[in-house]
Structure formats: structure tokens, C-alpha cells
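Here is my note for your first look through this chain. Please keep the viewer open and find each residue as you read.

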Amino acid sequence: MASEEASLRALESLMTEFFHNCTTNERKREIEELLNNFAQQIGAWRFCLYFLSSTRNDYVMMYSLTVFENLINKMWLGVPSQDKMEIRSCLPKLLLAHHKTLPYFIRNKLCKVIVDIGRQDWPMFYHDFFTNILQLIQSPVTTPLGLIMLKTTSEELACPREDLSVARKEELRKLLLDQVQTVLGLLTGILESIWDKHSVSSATPPPSPSSGESGGDLLSSLLQSPSAAKLLNQPIPILDTESEYICSLALECLAHLFSWIPLSASITPSLLTTIFHFARFGCDTRARKMSSVNGSSQNSVLGQERGRLGILAMSCINELMSKNCVPMEFEEYLLRMFQQTFYLLQKITKENNAHTVKSRLEELDESYIEKFTDFLRLFVSVHLRRIESYSQFPVVEFLALLFKYTFHQPTHEGYFSCLDIWTLFLDYLTSKIKSRLADKEAVLNRYEDALVLLLTEVLNRIQFRYNQAQLEELDDETLDDDQQTEWQRYLRQSLEVVAKVMELLPTHAFSTLFPVLQDNLEVYLGLQQFVVTSGTGHRLNITAENDCRRLHCSLRDLSSLLQAVGRLAEYFIGDVFAARFNDALTVVERLVKVTLYGSQIKLYNIETAVPSVLKPDLIDVHAQSLAALQAYSHWLAQFYSEVHRQNPEQIISLVSTALEAIIPLISSKAQEKLLLSACHLLVSLATTVRPVFLIRIPAVQKVFNRITDTSAQRLPDKAQVLVCRALSNVLLLPWPNLPENEQQWAVRSTNHASLISALTREYRHLKSSAILPQRKVRLEDTKVIIHQTLSVLEDIVESISGESTKSRQICYQSLQESVQVSLALFPAFIHQSDVTDEMLSFFLTLFQGLRVQMGVPFTEQIIQTFLNMFTREQLAESILHEGSTGCRVVEKFLKILQVVVQEPGQVFKPFLPSIISLCMEQVYPIIAERSSPDVKAELFELLFRVLHHNWRYFFKSSVLASVQRGIAEEQMENEAQFSAIMQAFGQSFLQPDIHLFKQNLFYLETLNTKQKLYHKKIFRTTMLFQFVNVLLQVLVHKSHDLLQEEIGIAIYNMASVDFDSFYSAFLTEFLASCDGVDSNQKNVLGRNFKMDRDLPSFTQNVHRLVNDLRYYRLCNDSLPPGTVKL
């Protein structure tokens, strides 16, 4: 090697060149290779030590530290002990000498390298590692450095990321736990002494009551002791920059320590009180004011730093709060923590002349507010049940503070987070009441006022009338990941809170909501008087800008309140139907009136002064009124079933009026939003309510005529499908509460046949022309007919698949001809994957819903046709060349076969051999080697279903034989196919796709639970340990780490079939076959695997074996070449 000085100069110029923006990628690669080769040389660290002490070039220092890091984490075992001693002594000296002048990122990296040495060598070879850190912390000059070392030690040793042996990980944790008390004592001392040193002396007069700092009665009741209240009311000290820095480091250390140490007496009351003192920095707005008044940048930085101390202190508190397991002796500490935090909550929601709550919250740091909200969430979700029982904890007052905090949040996100907390609280109350029905009233009375206030305020927040400025900021166009806009999310979350209050206090909630809805309905219903006829049609005679704005707000609010009323529909049905009947009837009558009014007066087609705003508003209100009425369809169904014998006039009138509102909208000219809302309501009336008189209503007959009239313009696809579903259901679904002989099946059957016949007329004509070669233009037209017809038929079948046999019978009779046409057309379109996709979707739905009605011979004909059409070439073309549509076709075909192989009885058993051979000889070879997951999930599900539902095809168990032999050793049939399927499952575990891995592991485990797969002789003798081996290798390679737990359980279930063989034969063979470890290490691995037979200990042993095997390999890789091991 060249001289150290020359090497340093060369390295500096290389580094400068590497990071220069003119250097080409090619040259960068050359430099990188050169640097890597240099780092690999034995003794390179000596040069790096020289570089570190002699250069000021950041890049060079960083590179040198990386060389050390690599040496310690990957090659330490092979470093001579003399060199190790030298490194252990030189690096800390270097740190001490230069820590003040080094850039912070270099200093932190150097600390980490020293901690890495400690992780390997403390306490055996580096006994003063931790004492050195404690000394650094105690010496005022090096306190910051000591705290950085301490935090790094907590990060790197408590939950080590690098591979260490399990024994070493456990040892490190134990060593650290032994030091916790000392460390926490030191940190408490540092924070307390800085606080006391800077505290304003007691000679200062107390703040005057008007300044808003006085405690107040609530505080005394919260804290139970005047001294504590007095303590928390001390003014906050003003710290110098150095003290700020030390405090922030100490709080960062605490936050990390709290993340892994158990709650125990080491966390003393004085430490907790100190942390709370610092949490006050976050809610101290004066620091910010000072900085803005003085104007100097120095002061504003100071203000931010002080805010940061508050954030760090809240992080510490939240770490403690997030622990669910609280020892008895720690409960009192928790109570004290809550009391102190609620003091802070009271402080930041305090109103006085100078401040509204909102302006106070706006002044605080956003991150502090976030941490505070996290604290409140943890309190409600983890600890409320524990704390509520303490008589001295005022829960109702806490809710009052939370209420103020929620409704003065400066940001939407903050408000959403607070609504989440209320949702958690309402869930807690609901489950508490369900478990303690006896004192339900007492619990509700305690919280009633709070809940009513919450409900009123949440309702006000969704109304433009009260909250216009904020609501107008919400985006109502961009969709998020859940396919909703910001405004929709805001409304949905608010309505969930309303619904949960409704569940607890139905009468209150209704009496709060309904009058508000009424007010807005009056405005809407009163618009009729402003409609005037103009030359071009009708016009809304409201033109003043202010009036238009008020109308816009009222319509938006009406739309939201209609959604709220719809959301509450579920609380009027079931057991409470009779008790809440009158309220519900009032709502439904209003909704029917509003929908009819909307459809008759056609406000959505009327000219307005501001069409871009008012037209969408009017359309939305009408659509929401239809949707709200649809939400009450279950109530209407219950109403109908209760009164249909006595006096059905009321329900007939409601349903008929609703239909009058629906029918004008079912037209190709209607706006899509209204058309679809009307169609959905029609479907609900036909499917959920199912009144016997529906078919006799003229409006319904009108729709029948429109749909079956070929000259009428077809509705858009979605609407056409919905209307056809509704009409089909009117004829197919049994009427409730009527005996079979009054169902009029004969007439309904004839009507259904003519409906389907009209809907499929063009489609059935295709049969004759399908055989001829298609011209391009004709082909496109044909595709449109196929798409339109099959989407309608598929939906009709799907909607009755769970209904009575009679309904399905009539449905199939009507469809029979169309199904045969589809089968005849199938071969003609086999190369048009988009058409094949739709046809197979239709057949899949038929198989799922109507296979019994189709009968065996025709079902066999369909399956045979498909098996003939899907040749190996056709499958290859679909999967490899037609992209996602082609793969979808094959997936649907496999799904149809899944339905077939699940069918009980002997009917379809003859197809099993050809289905298995299709899977294993045709589909599997095409997809086995492809990395893409397409088709694989469906294929393996089919193989699983073949095994699961046809176990006797492989294992014939005869009762007589098992009695004679005393144990059931079944005869095996079709062994080759069984082995091939198992091998395919084994192969799938060697591929990277984690979803497929999880699915297939679940299938094997299910087969073992249900059919004792692992116990079968063929599996036990030829496959069992191959599977265990594969699963262990997967764990060793860390390729599917997310499934560690599932893999561990599967290995246990397999091994437990024959523990003796596992321990005596398999484990020894497995270790013998492991490369990268020597025989001594193999013996240690074998010895450490205890012969436990219970699941938790066994899986722990598996993970220990895997961890240590990887650790030994890492160690062996780090030895210098040619090392002789004895």
C-alpha cells in the first residue's frame, strides 16, 4: 500500500470527482469498485483511522466510517484480537477529541460505529463500554455526547437489527435492563436540574387571575391536591440554547427507552412530573409571541425549539400510554399522568378575552396538536375502561374538554382525528351497555348531555348554514384511495358519529335531526312558487346574488341531511319497529312527498340564474331523496308484512306514490345520477318489499312496456341492467306471507318467459349467422348485442341465485333457449377473448346459481364443450399472448370447474380425471415457470377443491378393512395424480409471490385439519420432510418474512405427525445438508433445538434455529480466506 499521506490525497480527489456533477455514471462505477476493493483489504482500517484524524473532507470521513462499520458488522470475528483492542481504544479517543468540531452526521455515525463494537464485545471484551457512556453523561462538558451515545445504544442493542445469535440478543436485553434504573435516574436528574436552574425565583408575584393562568375549580378536582396544581401553574422557565439542546436529547432518549422497557417502579413519579413540565412547553404560546415581537431570527428559532421540547415530552407520554399491559402498582402513576395531561388540555382549550380556543390552537405547533390528539386517542381506546371506575376521575368533565378541543381544531385532518376518538368512545359506551343491560339507564343518564351536545355540534358542522367557510374549503372533485372526495369523507365520518349516537339515544337523536331536515325541506318544497314560464320553458325566478347563495347553501344542507336520515333507517326496524313506528312513518311520508314533488316539478330541468351551481344542487337533492327513501325499503317491507292482511291502503299509497316519482326518471334523457337513483329504488321495492300489488300498478306496467319495446331507445347499460333485474324480480320472487297456492306461479311464469324473450330477441337470432365468417363491421355489432344481452341475463341469474327452487326453475325455463344459443356461439368466438370472457362470466353465474335446474345432461354437454375448446394451444394463446383478458378467460374457466368439482354426489365424478389432467398436463406447465401471478391462484384453488371435495377419489377408506386391521390405513388410488398435485404445491413455495404462498399454505393446513393430509402414509413417507425442508429454507432466506408465524405453525403441524423421526432423523439430516456452517456449529444448532412438543416452544425453537444459522453463516463469511478452524 502507498503511504498514508498519499493515499489520503488520492482518496480526497477520488471523492471530490465522484460527487462532481460532471462525472459520468461509467466513471462513478469505476471509482465505486476501486473503493470497495480498498475496503476489502486486510488492514484497510489503519488507513481509515489515519484518514479520520487527518482530513476535513466529509466524504472521506463518511467513507472511512463505512469501512469500519462493514468491518465490525460483517468481519469482526476474523479480526485479530490485538487489532480489535486498538480499534476499541482509538475510535472513542477520536470521538472525544473532535466531537465538538465534527459535522453532526459524521459525529452520529462515529457514535454508531462505537456502539456496534459494544454490541459485539460488551461486557466480555469491552467491559467499560457502558460505564464510559454514563461518565460522559455525568460530565457537564460531554453531556450531549453521552446522551447521543445512550440513545444510539438503546436503538442498536435493545432491538438489534443486524444478525446476532438469539442467546446474544437475550443477553444484551438483560444487560440493558440491569442499567435502566441508573439511566432513568440520570435523565431525571438532568431534566430536573435544568428546569430548577432556569425557573423563575419564588420572589416573583403570582400571575393575576385575569391573565388566564389560574387553576380553576376543575383543575383542583382533577389533581386532588392543591400542591400539584400550584406546581403545574409555575411559569415556564426560559432556557438558553445549550440547555434546550440537552433537554431535547434527554427526552429523545426517554422516548426510545419507553418504547421497549416494561412499565415498572423504575419510572418514578418525579420523572413523570418532570416530563409533564416539559410537555407544557408545547402549549405555551408566549414563547412564540416573544419571538414574533422581538422579530429577531434567533428568537423565533428559540420559540420553535421550545415548542419542540413539548412535542418530545408528549412523545414520551404517548410511548407509556400505548402499553396495554399495566401492572397493578403502576395504575396509580397512570391516573396521575391522565390528571396532568388533562390539566394541559384544560390549558389549551381555555377561553379568555384575548383568545378564542381556536386562535389558541392555531398558535400551537401542528405536530404538538397531533401528539396531543394521539394521547387522547390512546386514553380512550386503551385506558378509559380502566380509569372510568376511579371515583376521583371526572370523566364527564374530560368529555367537556374533549368537546371543546374537537370543535376548535384548526385543520380538517385534526377534526377527523378527533371524530375518530368520539367514535371510539361511542363504541366503548355501546359495548359497555350491551354487557351491563341492568344499569343501562344509569350509564346513559351520566353521558346523555354530552352525547346530545356532540350530536348537535356534528350536525351543525356538516351544514353550510353554520359552517360555510370551512365546508367550502373541502375538495369535492378529486377521489382518494377509497374512491371518495374530501367532502364525501367529511360527511361520511360525521354521519357515522350521528348514527352511533342514534343507536344509544334514538329519541333524542331523532328529535334533534328531524326539525333541521324539515326547515330545509320547506325551502325546497317552496321553490314551486318561484317557477315561471318563459319562452324557452320553465325558469326559477330567483336571481339576486344573495338569494342564490342562500338557496345553494340550503340545497347542499338538505342533501346532507337526507343522507343523515337515510343512514339512520336501520334504527327503526327489527325489535323497535312498533316503538318507533310513528317517527319512521313521518320520515317515509315526507320522503315520498319530496321525491314525487321533485319528479313532477322537474326542478333539475329548469333554467336558473347560476346554472353551474344550482343545477347540480337540484339534481343532487332529488337523487339523495330517492336514495334516502331506498334506505327505508327494509322498514317498508316490515310495515307491509305487519299490515298486508288488515288495512294495506297506507302501504299501497306509499309504494304507488314512490313509483310515480320513479317512472318519469326512467328515460334515456334523464341525468345519469337521477336515472340510477331511481333504478336502485325500483330494485329495492321489487326485491326487498315485494308487495303482491306491485305488478298491478300502472306505472310498473309502463316500465314493462318500455323495456320490451324494441323501438324505444335503450337505457344506458347500468340502468338497463337494474331495471331488468327489478322487472324479473317482480315476477320471480315469492310474495311474503302468502301460501304457495296463492303465488300465481303459472301467470308469472308466462310473463317472465315473454319478458326474457323480448330482451333476448336479437341475441337468439345470432345463432343462425354465427357459423358464417364475420365481416369486421358485423362483428362489432354482434359483440355489442352479446355484451348487452349477457350483462342483463347474468345479473338476473345472480339476483335470484339464493332464492327458492320455484323462482330458479321459472328463471331457467325462460333462459333455456338463450343458454343453448350461448353454447352454440362459444366455439365461433373462442379467439375473441373479450367475448369469451363475457360468455364464461355468464356460464359461471349459471353454474353458481342454476346448475340443479340445468340438469345433468346439459351441464355435461357444457363442460365437455369447454374441455374440447380449451386445448393446450388455446390455453397457451390465451395466457401467453392475449394479456390480461386472455388470462381472465382461463381464470373464469377454472372457476367454473371449481363449481363442478365441489358438487356433492356422483354426477360429475366422471369428469375428475379429465379436469385433473387439464390442470396438471395443460395449464400447469404453461404457468409454472412464469413469474406473473396470473391464473396461478385460480389453478391452485381448483386443485385444492379437487382434493377437498373428492378425497375418496384418492383415498378409498373401507370401514371393514379398518376394523380388521385396527387402524385405518386407506387404500390409495390415482397415486400419480395425487403426487403431481402435491409436487405443484411444493414448487409454489419456492416462488416469490407471497399471496400465492399464503393461499397454498392455508390450503395444505385446511386439508390437514379436515382430512388429516399430513398423516396419510404417502405424504408421511415421501413428502412430509421435503415440505418441512422447503419451509425452513424459506425462513432462512427471509424471502417471505411477513408469513413467519404461519410458516412456523405449518412446520409444527407437519413435524408433530412424527416427532420422533423429526428429532432423530430429519433435524440431523437438515443440519448436515446446510452449507456455510462447520460441524461444531451444526452441533450447537442441534443442541439448542430443545425436544419440545408444544406449539409455542417448538415455533420458538424453529425461529432460534433459523436466526442462529444465518448468524453463523455471516460469521463464517467474515473470516479471512484461509482461516483454519479447529
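**Notes on the model**

1. **A loop threonine.** Start at Thr485, which touches Asp475, Asp476, Glu477, Thr478 and Leu479, leaving out residues up to four places away in sequence. With Asp476 there is also a side-chain polar contact of 2.8 Å. Thr485 sits in the loop between α22 (464-473) and α23 (486-504). Is Thr485 buried or exposed? Thr485 is buried, because its relative accessible area is 4% and the cut-off for buried is under 20%.

2. **What kind of model this is.** Keep in mind that this is a predicted model. The protein chain has 1126 residues, and 53% of them are buried. How many helices and strands does the protein chain hold? There are 52 helices and four strands. The C-alpha trace spans about 100 × 85 × 70 Å along its principal axes. Now take the contacts in the protein chain with a separation of 6 or more: 75% of them come from residues 24 or more positions apart.

3. **The largest nonpolar core.** This core has 401 residues. Which residues have the most contacts inside it? They are Leu91 and Trp635. Helix α9 (residues 166-198) gives the most to this core, with twelve residues. In soluble globular proteins, nonpolar side chains tend to be buried together.

4. **Around Leu91.** Look at the partners of Leu91, setting aside residues up to four places away in sequence. Leu91 touches Leu49, Leu52 and Phe68, and also Leu110, Val113, Ile114 and Ile117. Show these side chains in the viewer and go through them one by one.

5. **A buried histidine.** His412 belongs to helix α20 (residues 412-435). His412 counts as buried because its relative accessibility is 14%, and the limit is under 20%. Which side chain forms a polar contact with His412? The partner is Glu473, at 3.5 Å. Neighbours within four places in sequence aside, His412 is in contact with Gln470, Glu473, Leu474, Glu486 and Tyr490.

6. **Helices α36 and α38.** Two packed helices are described by the angle between their axes and the distance between the axes. The axes of α36 (residues 805-825) and α38 (residues 856-869) come within 12 Å and cross at roughly 25 degrees. Why do we call α36 roughly parallel to α38? The crossing angle is roughly 25 degrees, and angles under 35 degrees count as roughly parallel, so α36 is roughly parallel to α38. The crossing of α36 and α38 is left-handed. From α36, the contact uses Tyr812, Val819, Gln820 and Leu823. From α38, Phe858, Gln861, Ile862, Thr865 and Phe866 take part.

7. **Helices α40 and α42.** Here is a second pair to inspect. The axes of α40 (residues 883-902) and α42 come within 9 Å and cross at roughly 10 degrees. That angle makes α40 roughly parallel to α42. On the α40 side, the contact is made by Glu891, Leu894, Lys895, Leu897, Gln898, Val901 and Gln902. On the α42 side, the residues are Glu938, Leu939, Glu941, Leu942, Arg945, Val946 and His949.

8. **Backbone angles to check.** Most residues other than glycine have a negative phi, and most peptide bonds are trans. Where does Val935 lie? Val935 is in the loop between α41 (912-928) and α42 (936-949). Its phi is positive, about 75 degrees, although Val935 is not a glycine. Val935 is buried, with a relative accessible area of 1%. Lys1038 also has a positive phi, near 55 degrees. Lys1038 is in the loop between α48 (1024-1037) and α49 (1044-1055). Lys1038 is partly exposed, with a relative accessible area of 41%.

9. **A cis peptide bond.** The bond from Trp122 to Pro123 is cis, with omega near 0 degrees. Pro123 lies in the loop between α6 (104-121) and α7 (129-138).

10. **An exposed glutamate.** Glu366 is in helix α18 (residues 366-387). Glu366 is exposed, because its relative accessible area is 57% and exposed means over 50%. Glu366 and Thr760 are 394 residues apart along the chain, and their C-alpha atoms are separated by 62 Å.

Key:
Residues are numbered from 1 along each chain as its sequence is written. This is a predicted model: local features need pLDDT of at least 70, side-chain atom pairs count only at pLDDT 80 or more; totals for chains, interfaces and linings use all residues. Side-chain values use heavy atoms; hydrogens and water are left out. A nonpolar core is a set of buried Ala, Val, Leu, Ile, Met, Phe, Trp, Tyr and Cys residues joined through side-chain atoms within 4.5 Å. Buried means under 20% relative accessible area, exposed over 50%, partly exposed in between (1.4 Å probe, protein chains only). Helices (H or I, at least four residues) and strands (E, at least two) are DSSP runs, numbered from the N terminus. Contact means heavy atoms within 4.5 Å. A polar contact is a pair of N or O atoms within 3.5 Å; within protein, one must be able to donate a hydrogen and the other to accept it, and residues adjacent in sequence count only if both atoms are side-chain atoms. Axes are lines fitted to C-alpha atoms, for helices over the stretch in contact, and angles run from 0 to 180 degrees between N-to-C directions. Angles under 35 degrees count as roughly parallel, over 145 as roughly antiparallel, 65 to 115 as roughly perpendicular and the rest as oblique. A crossing is left-handed if the near helix is turned anticlockwise from the far one by less than a right angle, and right-handed if clockwise.
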